[in-house]
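Take a look at the protein model below. Then use the briefing to find your way around it.

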Amino acid sequence: MPQQTAHDFAAPPTMVMTGPRLAGASLLLAAIGFIAVFSILAGSFDYPDILDRSAGEVLPRLLTLGTSGRAVWALYAAIPLLLVPAAAGLSVLHDAPEHRTVVRLASLLAVLSGISMTVGLVRWPSVQWELAQAWGTASPDQRATLSVLYDGANMMLGRYIGEFLGELLLNLMFVLFSAVAWSDRRLPRWVSGFGIASGVIGLVAMWRNVTPAVSVVADVNNAILPLWLVVWSVALLREGRLSPRRARLHR
């Protein structure tokens, strides 16, 4: 029986080409969507600064966004799910047997991160929206209850699940995928280094709700995150164009 080599386990050329393209397109769409939606909410809802205000100020203003504003929030909540096809594409790109365990872990982190961040964001067009509708006709005692529910949803769904857990998993995924890319050199080394640095910065910035000592790092992370997604996506799309040529050279 002939001995199998690492090449025998490699993905077919068509998959090698499709993988980085799928990942790159997903990440680019996520970056563009994040920038667009964040800008809309910053202008119309004073997001994210408004999160520090009381339910009595936030809930009535949330309702003034109307149906279109609610749709924007729903779209914002769906954007993190683009990490799922991105992880699928990256797992095809980095398919070497020696990296398989790390890649599977990174893919799992990507899926869990996308779900966590979606759970955190979807509270706005669902739970918080219902609270906002009830606020207008509620009595003072009822408003006190609504305020507790509002704060509880922000704390549990927003800060703990959406932000802390979601960002922890996301940045660990960045580090793992970038470390694999650094090793197999499927992407330029500077891109992989950028990914590792972005992940480390994000792991520090995620503590912003615990201590103000990392507020500057959090501001840096807010600027770097979309830039990193764009750089990563462009590098992956470029790799998708080069993959067929590389596959022919290795036949």
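The notes below go from the whole chain to single residues.

This is a predicted model, where local features need pLDDT of at least 70, side-chain atom pairs count only at pLDDT 80 or more, and totals for chains, interfaces and linings use all residues. Residues are numbered from 1 along each chain as its sequence is written, and side-chain values use heavy atoms, leaving out hydrogens and water.

**Whole chain**
- The protein chain has nine helices and zero strands. Helices are DSSP runs (H or I) of at least four residues, strands (E) of at least two, numbered from the N terminus.
- Along the sequence, the pattern reads α-α-α-α-α-α-α-α-α.
- Of its 251 residues, 42% count as buried. Buried means under 20% relative accessible area, exposed over 50%, and partly exposed in between (1.4 Å probe, protein chains only).
- Take the contacts (heavy atoms within 4.5 Å) with a separation of 6 or more: residues 24 or more positions apart account for 80% of them.

**Ser178**
- Ser178 sits in helix H7, which covers residues 140–184.
- Is Ser178 buried or exposed? Ser178 counts as buried because its relative accessibility is 2%.
- Beyond its neighbours within four places in sequence, Ser178 touches Ser192, Gly195, Ile196 and Trp228.

**Leu112**
- Leu112 belongs to helix H5, residues 100–121.
- Leu112 has a relative accessible area of 38%, so it is partly exposed.
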